[in-house]
Amino acid sequence: MGRRALPKIDPTLDLSDRLKTFEQLPNPWEPALLFGRTAPLEVEVGSGKGLFIRNAAQAAPDANFLGIEMAGKYARYAAVQLVKRDVRNAVMVSGDGLRVFAELIPDNSLRAVHVYFPDPWWKRAHRPRRVMRDSFLRDVQRTLMPGGKLHFWTDVEEYFQSTLALIAKCVSLEGPFEVPERAPEHDLDYRTHFERRMRMHDEPIYRSEFRKPTQ
């Protein structure tokens with residue numbers, strides 16, 4: 001199931017407020033410089049074409065959303081969708097999400113972290129490249145505020161089970177809490193484009209939620 005080619009992007013669109021590189025992010029970290037306000041912040045690592053970040057931002061106008069996508073063309077496409085829909089509480093970053101966490105985001109500052117369908121890196125020799133690794137999970141725990149949540153979904157059972165074991169081993173997040181599957185009522189009810197594609201092909205999805213202890 002290969003990805004479809006992205007539509008052409010109108011070169012006249014001004015993406016400057018909705019698309020940033022790592023170098024354009026505030027350092028020291030100050031989200032108000034990105035969003036023009038102070039609000040609870042949620043971060044998605046691996047936003048793809050941006051369906052989740054767009055819908056989540058529209059559904060929760062009280063919060064700010066930062067989407068991070070390594071592939072520049074997808075980050076740009078997601079930013080275009082934010083601009084076209086005038087979604088002002090979401091910003092896309094074209095760059096390495098692990099670096100953003102490790103170098104910029106301070107302790108106890110995020111309401112939630114979202115990781116949906118990350119690249120499984122199937123070959124054993126390539127598995128150290130996976131996003132869900134011990135260093136990133138420690139950064140997730142560090143940056144979540146007490147009571148903050150980590151959402152992790154994948155269609156690869158081995159990746160799911162090995163990540164649950166790694167979380168239990170290297171951090172003290174509470175969970176996993178089961179996320180029940182429900183039938184989507186309309187096209188925008190899928191969390192990501194990838195989820196929509198997998199469910200249309202009747203492929204299983206493994207879902208989990210973790211929470212940072214409040215004490």
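**Salt bridges, a helix and a proline**

Modeller: Happy to. The structure holds 12 salt bridges, and please keep in mind that this is a predicted model.

Colleague: Which residues are linked in a network of salt bridges?

Modeller: That network links E23, R99 and E103.

Colleague: And what about D86 and R88, how do their side chains meet?

Modeller: They form a salt bridge, with N to O at 2.8 Å. D86 is partly exposed at 49% relative accessible area, while R88 counts as exposed because its relative accessibility is 57%, and the cut-off for exposed is over 50%.

Colleague: Moving on to helix 5, where do D139 and R142 lie in it?

Modeller: They sit three residues apart, about one turn of the helix, and their side chains make a salt bridge at 3.1 Å, N to O. D139 is buried, with a relative accessible area of 15%, whereas R142 is partly exposed at 24%.

Colleague: How far apart are D134 and R138 in that helix?

Modeller: Four residues, again about one turn of helix 5. D134 is partly exposed at 36% relative accessibility, and R138 is partly exposed at 44%.

Colleague: Is T143 buried or exposed?

Modeller: Buried, since its relative accessibility is 0%. T143 belongs to helix 5, which covers residues 134–143. Leaving aside neighbours within four places in sequence, T143 is in contact with F101, I105, P106, D107, N108, S109 and L110.

Colleague: New topic, then. Which residues of helix 6 are buried?

Modeller: Those are Y159, F160, T163, L164 and I167. Seen down the helix axis, they fall within an arc of 130°, so they line one face of helix 6.

Colleague: What do those buried residues pack against?

Modeller: Helix 5, strand 6 (144–154), strand 7 (174–178) and strand 8 (206–211). On the face of helix 6 turned away from the buried side you'll find the exposed residues A168 and K169.

Colleague: Last one: where is P118?

Modeller: P118 is in the loop between strand 5 (110–116) and helix 5. At 10% relative accessibility, P118 counts as buried.

Colleague: Which residues does P118 touch, beyond those up to four places away in sequence?

Modeller: F152, W153 and Y159. P118 and W153 are 35 residues apart in sequence, yet 8.2 Å apart in space, C-alpha to C-alpha. You'll remember Y159 as one of the buried residues of helix 6.

Key: Residues numbered from 1 in each chain as written. Predicted model: local features only at pLDDT ≥ 70, side-chain atom pairs only at ≥ 80, totals over all residues. Heavy atoms only, no water. Helix = DSSP H or I, 4+ residues; strand = E, 2+ residues; numbered from the N terminus. Buried < 20%, exposed > 50% of the residue type's maximum accessible area, 1.4 Å probe, protein only. Contact = heavy atoms within 4.5 Å. Arc of directions from axis to C-beta. Salt bridge = Lys/Arg side-chain N within 4 Å of Asp/Glu carboxyl O.
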